[in-house]
Amino acid sequence: MSPDHPPGLDLDRLRGLLDQERPGLVQGPLTGRLIEGGRSNLTYAVTDGASRWVVRRPPLGHVLATAHDMGREHRVISALHPTDVPVPRPVLLCEDEDVLGAPFYVMEFVEGTPYRTARQLAPREERTRGAVLSLVDTLVELHAVDPAEVGLAGFGRPEGFLDRQLRRWGKQLAASRNRELAGVDELHAALGRALPLSPAPAVVHGDYRLDNVLLGPDDRITAVLDWEMSTLGDPLTDLGLLTMYSTPLGMPDSPVSTTAQAPGHPSAAELVERYAERSGRDVSAVSWYTAFAWFKLAVILEGIHYRYTLGQTVGRGFDRIGDLVPVFIDHGLTTLQEG
């Protein structure tokens, strides 16, 4: 397909649906492009020459039963859009697979820059610190949202959340596992033996990091993106993930986004301290949550590696994903052991 008609995006069918469901929204022929950088759901920028939108859909091939839930992602941004949490305005959810071959949704295009690597941040050292600290502040805002007040009271089952998460990611690993992975079963079991007591539940993003927000010219967050893993549950899972992404991997040119080694980037400990101060939450068990984040990401990366081996990925960098999985497993074991 041509660059303006990327795989997985039938622009004629999309235009027909938008004309039917949102008459007058589209003013001319649509063109689209794949937005590089994601490793899970596919994201496209679409324009009619005057306005711009974003289309999100699952990957083209192997899709796990509980992953890539477009309805879930659309629901949470619809609920959060009226709050202080910056999210794109939702436009349309389509669960009819006859249109694009899978459920998808359309949202507004928000201006901003996603900073994916330390190299991107390096020239702006004096601004990096403030941008990363604002990431913590936005997370505090998210966790302060009352789910019932925004229509998300039934968005998840907070009771037994951590136990279910461990079982879920164990099942995800089994569904995408076609090679031996030293230490992964040990890490999974150790996490299960040390489950912390969860605080009061909140809206959880599930993949919260600098790579999944857009920063405007003033370094303010213009949008939090990629809500596919969102639910109601233990808010410290988001903090653990942010802590993990703020820990240097020690792997130059890693295909997984990380900004931890950028000049001016606050340490993981400082981010945890700021979150504790501004949220008032007890963060004494943060090492467990960070180790869980290493495990969860190892499972996600293994799933992406599995799709790569089947030739079912779109974009660059997938050939190196498999090498990262053992690194994440080792970090998880070390974090849990050191406490």
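Residues are numbered from 1 along each chain as its sequence is written. Because the model is predicted, local features need pLDDT of at least 70 and side-chain atom pairs count only at pLDDT 80 or more, while totals for chains, interfaces and linings use all residues; side-chain values use heavy atoms, with hydrogens and water left out.

Start with the strands. Helices (H or I, at least four residues) and strands (E, at least two) are DSSP runs, numbered from the N terminus. Two strands pair if DSSP finds at least two bridges between them. Strand 2 (residues 42–47) pairs with strand 3 in the antiparallel sense, over six bridges. Thr-47 stands opposite Arg-52 in strand 3. The two strands form a hairpin with four residues between them. Gly-49, in the turn, has a positive phi of about 95°.

Strand 3 also pairs with strand 5 (residues 104–108), again antiparallel, over four bridges. Here Val-54 has Met-107 of strand 5 as its bridge partner. Five of the six residues of strand 3 (residues 52–57) are buried, so the strand is largely enclosed by the rest of the structure. Buried means under 20% relative accessible area, exposed over 50%, and partly exposed in between (1.4 Å probe, protein chains only).

Next, a single side chain. Thr-138 lies in helix 5 (residues 125–144). Thr-138 is buried, with a relative accessible area of 12%. Leaving aside residues up to four places away in sequence, Thr-138 touches Pro-86, Tyr-208, Ile-221 and Val-224. Contact means heavy atoms within 4.5 Å.

Now turn to helix 10 (residues 286–309). Axes are lines fitted to C-alpha atoms, for helices over the stretch in contact, and angles run from 0 to 180 degrees between N-to-C directions. Helix 6 (residues 161–175) packs on helix 10 at about 25°, with axes 9 Å apart. That makes helix 6 roughly parallel to helix 10; angles under 35 degrees count as roughly parallel, over 145 as roughly antiparallel, 65 to 115 as roughly perpendicular and the rest as oblique. Residues in the contact include Leu-166, Trp-169 and Leu-173 of helix 6 and Phe-292, Val-299 and Tyr-306 of helix 10.

Helix 7 (residues 184–193) packs on helix 10 at about 145°, with axes 10 Å apart. The contact is made by Val-184, Leu-187, His-188 and Leu-191 of helix 7 and Trp-288, Ala-291, Phe-292 and Phe-295 of helix 10.
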